Amino acid sequence: GAEDDFTRINGIGPVFDQRLKAAGIRTFAELADRTPAEIAEIVKWPVARVERSMLIEQARQLAQADG
């Protein structure tokens, strides 16, 4: 299946892109469906940083924009 480029999200670089994909998250929609705690565990950030970075909101917007 298709994979999205998570580096399009502010705050995510190639390393985090790979960590998310290694955890089975391949699309912006799949990322948007995760909780801040789940994402924090995968990318090794504090939950507060995930929330502050608005990763989920950015992923949701990109998923909608990409159709």
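**Exercise 1. Overall form**

What radius of gyration would a compact globule with 67 residues have, and what does the protein have?

*Solution.* The model is predicted.

Step 1. A compact globule with 67 residues would have a radius of gyration near 11 Å. The protein has 11 Å, which agrees.

Step 2. Take the extent of the C-alpha trace. Along the principal axes it spans about 30 × 20 × 20 Å.

Step 3. Count the elements. There are five helices and zero strands. From the N terminus on, the order reads α-α-α-α-α.

Step 4. Turn to burial and surface. Of the 67 residues, 33% count as buried. The accessible surface comes to about 4,100 Å². Carbon and sulfur atoms hold 49% of that surface.

Step 5. Residues 24 or more positions apart account for 38% of them.

Step 6. The protein has 9 positive and 11 negative charges. Their mean positions lie 5 Å apart.

**Exercise 2. Trp 45 and its surroundings**

Where is Trp 45 found, and which residues beyond four places in sequence is Trp 45 in contact with?

*Solution.* 

Step 1. Locate the residue. Trp 45 lies in the loop between H3 and helix H4 (47-53).

Step 2. Classify it. The cut-off for buried is under 20% relative accessible area. Trp 45 has 10% relative accessibility, so Trp 45 counts as buried.

Step 3. List the contacts, leaving aside neighbours within four places in sequence. They are Gly 11, Phe 16, Ala 40, Val 50, Ser 53 and Leu 55. Among them, Phe 16 is one of the buried residues of H1.

Step 4. Compute a distance to Arg 8. Trp 45 and Arg 8 are 37 residues apart along the chain. Their C-alpha atoms are separated by 18 Å.

**Exercise 3. Gly 11 and Gln 58**

Are Gly 11 and Gln 58 buried or partly exposed?

*Solution.* 

Step 1. Start with Gly 11, in the segment before H1. Its relative accessible area is 49%, so Gly 11 is partly exposed.

Step 2. Beyond four places in sequence, Gly 11 is in contact with Phe 16 and Trp 45.

Step 3. Take a pair in space. Gly 11 and Ser 53 are 42 residues apart in sequence. C-alpha to C-alpha, they are 6.8 Å apart.

Step 4. Move to Gln 58, in helix H5 (residues 55-66). Its relative accessible area is 15%, so Gln 58 is buried.

Step 5. Beyond four places in sequence, Gln 58 is in contact with Ile 9, Asn 10 and Ser 53. Ser 53 is also among the contacts of Trp 45.

Definitions and conventions
Residues are numbered from 1 along each chain as its sequence is written. This is a predicted model: local features need pLDDT of at least 70, side-chain atom pairs count only at pLDDT 80 or more; totals for chains, interfaces and linings use all residues. Side-chain values use heavy atoms; hydrogens and water are left out. Helices (H or I, at least four residues) and strands (E, at least two) are DSSP runs, numbered from the N terminus. The radius of gyration is taken over C-alpha atoms; the globule rule is 2.2 Å times the number of residues to the power 0.38. Buried means under 20% relative accessible area, exposed over 50%, partly exposed in between (1.4 Å probe, protein chains only). Contact means heavy atoms within 4.5 Å. Accessible areas come from the Shrake-Rupley method with a 1.4 Å probe; for residues, only the protein chains shown count as cover. Lys and Arg count as positive and Asp and Glu as negative; His and the chain ends are not counted. The place of a charge is taken as NZ of Lys, CZ of Arg, CG of Asp or CD of Glu.
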